[in-house]
There are 2 protein chains.
Amino acid sequence: MATVDLSIRARQTEDQPISYFMKAAVEHPNLISLAAGLVDQESLPTEDAKAAFDEILADPALGRAALQYGTTEGYAPLRDKILAHHLGLEGQTRAESGLSASDVVVSTGSQQLLYLIGEMLLDPGDIVIAEAPSYFVYHGTLASLGVRVLQVPMDDSGMDTDALAELLARLDRDGELPRVKMIYVIDYFQNPSGRTMSLERRQRLVELARKYSKHRTLYILEDAAYRELRYDGDDLPSIKRFDTDNRHVLLTMTFSKPMAPGFKTGYGILPTDLVQPLLRFKGNHDFGSSNLNQYVLDRLLEKGDYYRHVDHLRDVYREKRDAMLAALEAEFPAVTGATWTRPDGGLYVWIRFPDGLETGPDSPLMKAALAEEVLYVPGEFCYVKGPGRVRTEARLSFGVSTPDRIREGIARLARAARSVGLPRVSQPRLAGCRG
Amino acid sequence: MATVDLSIRARQTEDQPISYFMKAAVEHPNLISLAAGLVDQESLPTEDAKAAFDEILADPALGRAALQYGTTEGYAPLRDKILAHHLGLEGQTRAESGLSASDVVVSTGSQQLLYLIGEMLLDPGDIVIAEAPSYFVYHGTLASLGVRVLQVPMDDSGMDTDALAELLARLDRDGELPRVKMIYVIDYFQNPSGRTMSLERRQRLVELARKYSKHRTLYILEDAAYRELRYDGDDLPSIKRFDTDNRHVLLTMTFSKPMAPGFKTGYGILPTDLVQPLLRFKGNHDFGSSNLNQYVLDRLLEKGDYYRHVDHLRDVYREKRDAMLAALEAEFPAVTGATWTRPDGGLYVWIRFPDGLETGPDSPLMKAALAEEVLYVPGEFCYVKGPGRVRTEARLSFGVSTPDRIREGIARLARAARSVGLPRVSQPRLAGCRG
C-alpha cells in the first residue's frame with residue numbers, strides 16, 4: 001500500500017500556530033490566555049444578533065432570500081453599506097473617493113480574503129515585504145504559497161518607510177524587483193505590536209509603491225482589521241485614502257473584531273482591476289460566503305446596532321488595555337529591563353524581555369508560564385525564520401480575558417519570568433518592611 | 001504604469017459558469033431558470049431557523065460561545081452528530097464503521113471542501129478521472145489547479161467501471177499512473193445527469209482504487225451532496241462504506257441541499273491520514289467556518305427539525321420532479337427525438353436533443369430560450385474541452401421553480417427548440433381537430 005502523498009503546496013503548508021492557541025483557549029477555559037486572538041466574551045452581542053435574526057427570519061420572503069444561495073461577491077445591499085461605512089470612517093463622499101460598491105468583496109472572515117489575495121497575486125519565489133514583527137498567521141499562508149517574506153523594521157510610527165525605501169532600492173539594484181509583488185501592513189494597532197502607522201508614512205508608502213511599480217504593479221495589502229477599535233486619540237485616514245486612482249491598495253477589514261467572530265464575515269475594497277480575478281478564485285473556493293450572516297450584518301448596520309456595539313466595545317477594551325498596562329507597570333518595574341508598547345487601540349501589547357530571556361515555545365519561560373497557567377504568543381513566531389529573528393518578545397492579548405484575569409495573568413507571567421531569571425523586583429514600596 | 005499582473009494560478013482560473021447563472025437567477029426573478037442550482041424557495045426553513053437561533057442566542061453563555069471564534073475543524077458536538085447522521089444513513093455502528101468524529105471536518109459549504117481536497121492532493125499536470133458528464137464547477141476548480149480531467153462514460157448505473165478499469169490499465173501501461181491522484185464521482189442523483197451509481201459499481205470502484213494504488217494512494221472523492229434527497233426506492237450504501245480501512249474515500253456532503261444554502265455549511269469524512277493536512281490548508285483559508293451557523297445546525301439536528309425538514313423536502317421535490325418529467329413527456333413526444341433521464345432524487349434531469357441541435361451558450365437554441373425567458377445549463381459545460389464533448393445536451397433543474405413554473409419552463413424550452421429545428425410535434429391528441 002502506498003503512503004499518503006500530498007501536493008507540493010501541501011508539503012510546504014505547516015500547522016498554523018493560531019490553531020494550536022485557539023484550540024488551547026477553547027478547550028482549557030481555566031488557563032489565562034494572553035495568547036488567543038479571541039474577542040471579549042461578555043460583550044458578544046447576543047441580543048442584537050437575536051433581534052436581527054428574528055427580524056429577518058420572521059419575514060418569510062426576506063428569511064427565505066437569506067437562507068438561499070447568495071452571490072460570490074456578496075449581498076449587494078451589504079456591500080453598499082460597507083462602502084458607506086468605509087467612507088464614513090474616511091469622512092469622504094463617494095465622488096471624492098472614486099470608489100463604488102462594485103469594488104467591495106465580502107469574504108469568510110478577512111483571513112479568507114488574505115488567502116485569496118495571496119493566491120491571486122503571488123507565485124512561488126515571489127517576495128512580500130512585511131513589518132517586523134508581523135501577523136504570523138499570514139506568514140504561514142505566504143509560506144504555503146511558496147512566497148518569501150522580507151521584513152522591514154518598525155517603530156512606534158509603524159513600518160520604517162526609510163528602511164523600506166532602502167530595501168526596495170537594493171532589490172531593484174539586485175534585479176529582484178520584478179519578484180516583489182506586495183507590501184503587507186497592519187496599519188492600525190498592529191497585530192502583534194499594537195503600533196499604528198503615522199500619517200506621513202501612510203502617504204510615503206503609497207509613493208514608494210508607485211515609484212517601484214516599474215515592472216509590474218507593486219500592491220499594498222492594508223490589513224485594517226482593528227481600525228475601529230480605537231480607545232484614545234483621533235482616527236487616521238487609511239492608506240487606501242492616498243491611493244487616489246484605486247490601483248495599489250487592497251484594503252481588508254472584518255466584522256469579527258468590531259461585531260462578532262461567529263458571523264465569520266470580512267470584506268475588502270480592492271483596485272477595480274482585481275475584483276473579477278479575485279472573484280474567480282472565490283467562485284472556486286465557495287461561490288459566496290454565508291448569505292444569512294450577510295443579511296444579518298446588513299440589518300445590524302442599517303439599524304445602527306453595529307455602531308452602538310462598537311462604541312460599547314471601545315469602553316470595554318479600553319478598560320482591559322488599561323488593566324494590562326497598569327499590571328505591567330506594577331509587575332515589571334524598570335529594574336527588570338522589560339519594555340512594552342502602549343497601544344491606542346486593538347487587542348495587543350508587545351513586550352520585550354531583557355536579552356537572553358527567550359520566549360519561544362520550548363523556552364524555560366514558556367514552560368514556567370504554562371506551569372503558572374498563563375499563555376502568551378512567542379514573539380519569534382512573528383518574524384521570518386533566520387538570524388535576524390528576535391527571540392525575547394511576546395504578544396500579550398487583552399482581548400478575551402476580563403480585567404481581573406488580565407491582572408492575574410500578568411502577575412503569573414511575572415512570576416514565571418522571575419523564576420527563569422528576570423531581574424528581581426526591588427519592590428521599593430515594601431523595602432522598609434523587609435529591611 | 002505597469003499593468004495588472006496576476007499569479008500563474010490566477011491566469012489559469014476562469015470564470016465559473018455557475019457564478020453567471022446564479023447571478024442571473026438572483027437578479028432576474030422573472031426568468032424561469034431551469035439552470036440555477038438554487039434550492040426550492042418556499043420550503044426554506046425560516047421558522048426552524050428562527051427557533052434555533054432564538055434558543056441559542058437567548059441563552060447568554062451559549063449565544064456568546066456561538067458568536068466567538070470556533071476551531072478550524074468545526075464545532076465538536078456538530079462533528080459528532082454528523083458522524084451519527086452518516087452512520088444512521090449507513091445503518092452502521094461506530095465500531096462497525098471504524099470511523100470517529102475526528103475524521104469529520106466542517107467546511108464553508110461542500111464546495112470549500114472540494115477546493116481544499118484539490119489543493120491538498122493535486123499538483124499541476126496531475127490527472128483526475130471524472131464521470132462524463134460531470135459537475136462543471138469542480139472542473140473549473142481543477143483547471144485552476146492545473147489538473148487534467150479525464151472522463152469516463154456513464155450510463156443509468158453511473159460511471160462505467162469497466163471503462164474506468166480499461167482507462168486505468170492504459171494509463172498504467174503508458175507510465176501515467178503516478179499522475180492519477182483521484183477519481184471524482186457524484187454517486188447519488190448526479191449533478192448534472194440525475195443518475196445514481198449502482199451497488200456493484202460502488203464496490204468495484206473501491207477495488208480499482210486499491211488495485212491502482214501502486215505508486216501512491218489513488219483516492220476516490222465521493223461527492224454525496226444529494227444523497228438525502230431521494231424520492232423513490234431505497235437508499236444505497238455510500239462508496240465510503242466499502243473503504244473498510246478508511247484509506248481511499250473522501251466523502252463530502254452538505255447542509256445546503258437538505259437544509260438551507262444560507263448557512264453555507266458542508267462537511268466531509270476523510271481518511272484519518274488526510275485530516276491534519278487538510279486542516280492545515282483550512283487554517284490558512286479561514287481557520288474555521290461560521291461558528292454561529294454550526295451551533296444552529298447542531299441544534300437543528302439535535303431537535304430532529306433537520307430530519308422533519310428533509311422529509312418535507314422529499315415531498316416538495318418529488319412533486320417538482322414529477323411535474324418536470326410529465327411536462328417533458330407532453331412537450332417532447334418521441335417524434336422529437338429528445339431523450340432524458342428519470343432521476344430517483346436530486347435536483348436535475350439531463351436531456352439530450354437530436355444530433356445537430358446544439359445547446360451551447362452561443363447556440364441558436366440558447367438564444368431562442370433566452371428570448372422565451374427560460375434558462376438551462378448547456379451540457380457541454382459538463383465535459384472537458386476536446387473532440388469527445390457532446391454538444392446537444394442540457395441540465396434541467398427542478399430545484400428552484402414551482403411546479404407551475406417548471407411546466408411553463410419546459411413549454412418555453414420546447415417552443416424554443418421547435419423554433420430552431422426540433423422536429424415538430426405531431427400532436428396526435430389534436431390531430432382530429434386540425435384535420
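Chain A brings 92 residues to the contact, and chain B brings 92 residues as well. Keep in mind that this is a predicted model.

The size of an interface is often quoted as the accessible area lost when the parts come together. Here the area buried between chain A and chain B is about 7,600 Å², with carbon and sulfur atoms giving 58% of that.

Eight salt bridges are found across the interface of chain A and chain B. One of them joins Arg64(A) to Glu42(B), with 2.9 Å between the closest N and O atoms.

Which helix gives the largest share of the side of chain A that touches chain B? That is α11(A), with eight residues. Counted by type, that side of chain A has 38 nonpolar, 33 polar and 21 charged residues.

Now the sheet in chain B. It is open, has eight strands, and runs in the order β2-β9-β8-β7-β6-β3-β4-β5, with mixed pairing.

Ile127(B) has Val180(B) as its bridge partner in β6(B).

Finally, helix α8(B), residues 136–144, packs on the sheet and touches β3, β4, β6 and β7 of chain B. The direction of α8(B) makes about 155° with that of β4(B).

Technical notes:
Residues numbered from 1 in each chain as written. Chains lettered and ligands numbered in written order. Predicted model: local features only at pLDDT ≥ 70, side-chain atom pairs only at ≥ 80, totals over all residues. Heavy atoms only, no water. Contact = heavy atoms within 4.5 Å. Buried area = accessible area lost by both parts, 1.4 Å probe. Salt bridge = Lys/Arg side-chain N within 4 Å of Asp/Glu carboxyl O. Helix = DSSP H or I, 4+ residues; strand = E, 2+ residues; numbered from the N terminus. Nonpolar A, V, L, I, M, F, W, Y, C, P; charged D, E, K, R; others polar. Pairing = 2+ DSSP bridges. Axes fitted to C-alpha atoms, helices over the stretch in contact; angles between N-to-C directions.
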